[in-house]
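Biologist: Could you walk me through this one? I would like to start with the aromatic residues and then move on to pockets.
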Amino acid sequence: MSSLKSVTEYFNNVYDSIQGLQSDINSEVKLCADRVTSMAKEIASINKQINIIEMTGTVANELRDKRDMLVDDLSKIVSVETKESPIIDETQPDRNTGATRFQVWVAGGYELVDTYEFKQMICVSRAEGAPTNQNDINGLFDIKWAGSNYRDGDNVAELANFSLDSKLIGGELQGLLALRDGNNNQYFHGKCPAGGVEQKTDGTVVVTVNVTDSYLQDMAKCTLPAEGSIKIGAKYYKYDSWGYNGESTYEFRLNPENISSIPDPGTNVSIGYANSYQGIPYYMEQMNEWIRHFSEEVNKIMVTGYTSDSLQGVNLFDRCHGYKLSRRVQLRAADFSFRVQGLLLPQRRELYSELGCS
């Protein structure tokens, strides 16, 4: 029994270590976003200095070299495209003003700098209770696209989203997102059928989702949080619970207090996004899947036998979050624990004490 207890402690520790790694990578994502913003601001400032000098007829070589170095450094973080074009005096089209318009696009099409104006990459922590993966740490960052006038404390709901699922991000940021969010393209997605949205008498909205991928029809592979954020059509909603019928249909319950409009049926539904890389979420899911099968099979064996003192066999692995089709929260390595279930007879109290279980 001490060996089985060591197994649970091992997986608990591995789970914590991997979550710690995800937390470190998440911090690196914010550092990248902050560096992009800082470089954008500096490039816009240099553009102004270059134009002031070159409008006098002098070439600002040192400033241009400095700007080129910044663009090179920026390209290590994200993919970069630039364009420089002369500024024309509309009243005298043939006159050379000496000024130029310098534009920078990043991540496959986001305009970061337009001469003297620049954008900011803002990291926003996902709300508590709104994860997209059962194994993710709290506070993973989403990235927003803000103007140069954005300040800390402003309403982030008004900011444009930066597409984390784009394959054109490039550079260090793409690599960090792959490590942090890589799920081997295995994420929850399906279709809400016509008539798949029902509002109950208490105001609760139930959304039915049909799935076709085999990994979504295997609860051993489940990564859905007990509650979280779900995208229905083009809008995001918060669900309080979910259920699965064991075949190809899920139901999500939306709390009426968090609903500004009823979702439209006949739309696509998703939680999280696809990332083809086998990153931390992928390996967490693999570990949990093994644990679910292992604990289930060991428990099946143990309940068919008897203890050395002729007591009926019991489950050795805690199934309070157990691997059952009817459970909404599936066993994770963090929850994996070893204990004898059943009545606390005197003999079992002694065994609990020996195992260090509560």
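Predicted model: local features only at pLDDT ≥ 70, side-chain atom pairs only at ≥ 80, totals over all residues.

Biologist: How are the rings of W242 and Y250 placed relative to each other?
Modeller: Their centres lie 5.8 Å apart and their planes are at 45°, so the pair is tilted, since planes under 30 degrees apart would count as stacked and over 60 as edge-to-face.

Biologist: Which residues form one aromatic cluster with W242 and Y250?
Modeller: The cluster also takes in F188, Y239, Y244 and F252.

Biologist: And how many aromatic pairs does the structure hold?
Modeller: There are 13 aromatic pairs, and one of them joins Y110 and W145, whose ring centres are 5.1 Å apart with planes at 55°, so that pair is tilted. It links distant parts of the chain, with Y110 in strand β3 and W145 in strand β5, 35 residues apart.

Biologist: Is W145 buried or exposed?
Modeller: W145 has a relative accessibility of 10%, so W145 counts as buried.

Biologist: Switching to charges, where does the charged end of R67 sit?
Modeller: The charged end of R67 sits over the ring of F102, at 3.8 Å from the ring centre.

Biologist: Now pockets: what volume does the largest pocket have?
Modeller: Its volume is about 1200 Å³, and 39 residues line the largest pocket, with R126, T132, D142, S229 and Y236 lying nearest its centre.

Biologist: What is the make-up of that lining, and which elements supply it?
Modeller: The lining of the largest pocket divides into 18 nonpolar, 12 polar and 9 charged residues, while the elements that each supply at least two of its residues include β4, β5, α3 and β11.

Conventions:
Residues numbered from 1 in each chain as written. Heavy atoms only, no water. Phe/Tyr/Trp six-rings, centres within 6.5 Å; stacked < 30°, edge-to-face > 60°. Helix = DSSP H or I, 4+ residues; strand = E, 2+ residues; numbered from the N terminus. Buried < 20%, exposed > 50% of the residue type's maximum accessible area, 1.4 Å probe, protein only. Lys NZ or Arg CZ within 6 Å of the ring centre and 35° of its normal. 1 Å grid on protein atoms, 1.4 Å probe; cavity = no way out; pocket = protein on both sides within 12 Å on 5 of 7 lines; lining within 4 Å. Points joined across faces, edges and corners; volume = space filled by probe spheres on them. Nonpolar A, V, L, I, M, F, W, Y, C, P; charged D, E, K, R; others polar.
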